[in-house]
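Dear colleague,

Please find the structure below, handed over for your records. My notes on it follow directly after.

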Amino acid sequence: LDTSGIRQLGNNGIDGKSVNYRLMYFATKLEDKKQQEDIFTSAIKSGKGGAIAYEGLANLYLSQKDTAKAETMLSDAFKKNTKNKDIFNVLKNFYIVSGKTDKLLKVVDNLIKEDDGNSAYYYLRGKLRDDVEKNHDAAKSDYLKAIELDDFNYDAYFDLGANLLNYGTQ
């Protein structure tokens, strides 16, 4: 659609972002992988695709068995948008699903260096240390820090309790 077509849709209550979202959904149904890539890339360049466009493009690369390309694209997207929680979640999910939690831990460590007042980052690092590294004492410290920063972080309370119950860290 060109700009005038988007304006016409806007007059009917449909904005460009919703058109892009629908286009990206339909792109996933296309057989032509190049056409899919063009649609996701266009949505990213227009700024109207959000994290969904990055996720769609990563999934396309993964379906083509190109994990390196998916990782590079997501990592670059996050470096450009470090405050975007949705893009972070796509990158986080990619690292977890692909078994690259060591890289996720490095990203989270850097995020904590940049924003040491973010309870969610400490919780995530604690969860990674608990479940992946099996460093239960370090995980306990991160859960406690997450709770100190946000006493409504129920996930941190729960996992701290599980950590103490299962591993007896004091």
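Predicted model: local features only at pLDDT ≥ 70, side-chain atom pairs only at ≥ 80, totals over all residues.

Residues are numbered from 1 along each chain as its sequence is written, and side-chain values use heavy atoms, with hydrogens and water left out.

Helix 5 spans residues 67-80 (helices are DSSP runs of H or I with at least four residues, numbered from the N terminus). Its 14 residues reach 20 Å from first to last C-alpha, close to the 20 Å expected (1.5 Å times one less than the number of residues). Ala70, Glu71, Met73, Leu74, Ser75, Ala77 and Phe78 of helix 5 are buried (under 20% relative accessible area with a 1.4 Å probe, protein chains only; exposed is over 50%, and partly exposed lies in between). Their cover includes helix 4 (50-63), helix 6 (85-97) and helix 7 (101-114).

The axes of helix 5 and helix 6 (lines fitted to C-alpha atoms over the stretch in contact, with angles from 0 to 180 degrees between N-to-C directions) come within 9 Å and cross at roughly 150°. The two helices are therefore roughly antiparallel (an angle over 145 degrees).

Lys65, in the loop between helix 4 and helix 5, has a positive phi of about 65° although it is not a glycine. Lys65 counts as exposed, at 72% relative accessibility. Lys134, in the loop between helix 8 (119-133) and helix 9 (136-149), likewise has a positive phi, about 60°.

Yours sincerely

How values were computed:
Contact = heavy atoms within 4.5 Å. Parallel < 35°, antiparallel > 145°, perpendicular 65-115°, else oblique.
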